[in-house]
Amino acid sequence: MTTVVTAGAMTTHDPVTAGQPRPAPAHFAYIDALRGIACVAVFTNHIGNSYCHIRGGPMPAMAVTLLDTLARGVQLFYVISAFTLFHSYAARRRVDTRPVLFFAIRRVFRIAPLFIAALILYTLTSHYAFHEAWPTMPDLLVHGLFLHGFSPNYISTIIGPGWSVGVEMAFYLTVPLLFLLIRTLNASGWFFVATVLAARLAYQLVHPLNLGPDEPRWQQFLFFWLPNQLPAFAAGIVLYFISQWVDHQPSSLPEARRRTGRLLMACFLLLTAALCASTGLRILDSYVSFGLSFVILALALRFHPSRLWVNRFTVFLGSISYGIYLLHALVIRFCDGLLGSDKPTLLFNFLWLWVMAIGLTIGASLVTYHLIELPGQKLGKRLIERLSRSASKPA
């Protein structure tokens with residue numbers, strides 16, 4: 001019997017033999033809820049951008065600040081992603097016969113089916129519904145191979161929000177190595193510091209090269225690419241090791257956990273307010289600081305999963321968040337075309353567009369979750385089981 005320590009739980013597993021079901025890592029409702037919150041934040045940010053860019057509606061300064069802050073939902077996704085990747089890799093590497101290969105298969109079959117379907121959908125609708133030119137073959141090929149995160153020419157050309165998927169796929173390549181190198185909370189902290197310094201250095205070295213098609217898209221690429229987003233992933237690794245440390249402490253009373261959670265939530269809200277209000281010189285870039293604040297948020301909900309944040313609706317949104325994230329830009333574009341210009345106020349327009357688009361996006365995401373995501377994941381599991389059986393056969 002082997003003991004597997006995971007973030008948030010300590011469980012025991014008997015050795016897994018070929019053909020037996022492989023134990024899934026512990027599942028956390030607050031993590032799904034944070035995914036749901038992150039996707040709604042990014043969705044709302046893009047609704048604001050769509051209204052301002054397409055309709056030219058003036059936004060109050062406070063609303064602009066809030067919308068810009070909601071864009072940090074992408075960094076929340078990255079923090080959660082790194083946490084769950086380390087958590088699941090730690091649980092499964094003890095029972096997987098080929099942990100690196102099986103990790104890669106799980107990630108490909110989790111991400112690729114819906115992304116390829118969205119790539120086809122965006123390509124067809126852009127041409128036939130919005131009368132735009134067909135994407136070039138290199139553009140399609142680069143996206144299909146998940147290499148668009150490495151190119152300033154292609155990183156956000158077909159699927160607008162898809163740039164972060166390319167960045168995340170690039171991070172997946174590093175996870176098995178990082179898991180071997182980062183073994184303690186102290187090491188994760190030093191890794192976070194190293195990623196912040198490396199991001200600054202990479203920008204200074206690469207920025208003068210101006211390899212993009214134009215200056216704005218080059219600047220956009222330098223914000224999007226993996227070296228600049230790596231601190232958010234590093235913050236998620238710090239969250240994983242803090243959670244591991246908490247698991248090894250003596251159990252505290254429920255009231256003490258609630259008080260700890262409320263204190264951490266207050267710290268998160270104060271830090272977020274300070275980041276939103278600050279316009280002066282910062283020690284860290286705002287998106288890096290938000291990554292750290294999301295660590296505090298996750299710990300707060302771990303200790304005290306308040307129903308305001310962790311409830312059936314946010315957990316449900318988290319379960320289909322990948323579809324919401326990939327499909328919402330296309331839905332927003334369709335809905336904006338349906339929105340008449342005779343609505344009385346800016347607020348009415350914004351709310352009407354938000355309600356219409358979020359409803360259609362959730363519906364579309366629910367369909368793709370059952371028709372594309374779940375079958376893709378099951379196909380990956382069957383492939384892993386087949387490889388496990390073949391590996392166990394005597395030569």
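How are α3 and α12 oriented to each other?

The model is predicted: local features need pLDDT of at least 70, side-chain atom pairs count only at pLDDT 80 or more, and totals for chains, interfaces and linings use all residues. Residues are numbered from 1 along each chain as its sequence is written, and side-chain values use heavy atoms, without hydrogens and water.

**Exercise 1. Classify the packing of α3 against α12.**

Step 1. Helix α3 covers residues 73–92 and helix α12 residues 286–303; helices are DSSP runs of H or I with at least four residues, numbered from the N terminus.

Step 2. The angle between them is about 50°, and their axes lie 9 Å apart. Axes are lines fitted to C-alpha atoms over the stretch in contact, and angles run from 0 to 180 degrees between N-to-C directions.

Step 3. Angles under 35 degrees count as roughly parallel, over 145 as roughly antiparallel, 65 to 115 as roughly perpendicular and the rest as oblique. α3 and α12 are therefore oblique to each other.

Step 4. The crossing of α3 over α12 is right-handed (the near helix is turned clockwise from the far one by less than a right angle).

Step 5. In contact (heavy atoms within 4.5 Å) are Gln75, Leu76 and Val79 of α3 with Tyr287, Gly291, Phe294 and Val295 of α12. These comprise five nonpolar, two polar and no charged residues (Ala, Val, Leu, Ile, Met, Phe, Trp, Tyr, Cys and Pro count as nonpolar, Asp, Glu, Lys and Arg as charged, and the others, Gly among them, as polar).

**Exercise 2. Describe the lining of the largest cavity.**

Step 1. A cavity is a set of points on a 1 Å grid over the protein atoms alone where a 1.4 Å probe fits but cannot get out, and lining residues have an atom within 4 Å of a point.

Step 2. The lining consists of Ser88, Tyr89, Arg92, Arg93, Asp96, Pro99, Phe103, Arg106 and Arg107.

Step 3. α3 and α4 (99–128) are the elements that give two or more residues; α4 gives the most, with four.

Step 4. By class, the lining has three nonpolar, one polar and five charged residues.

Terms used
1 Å grid on protein atoms, 1.4 Å probe; cavity = no way out; pocket = protein on both sides within 12 Å on 5 of 7 lines; lining within 4 Å.
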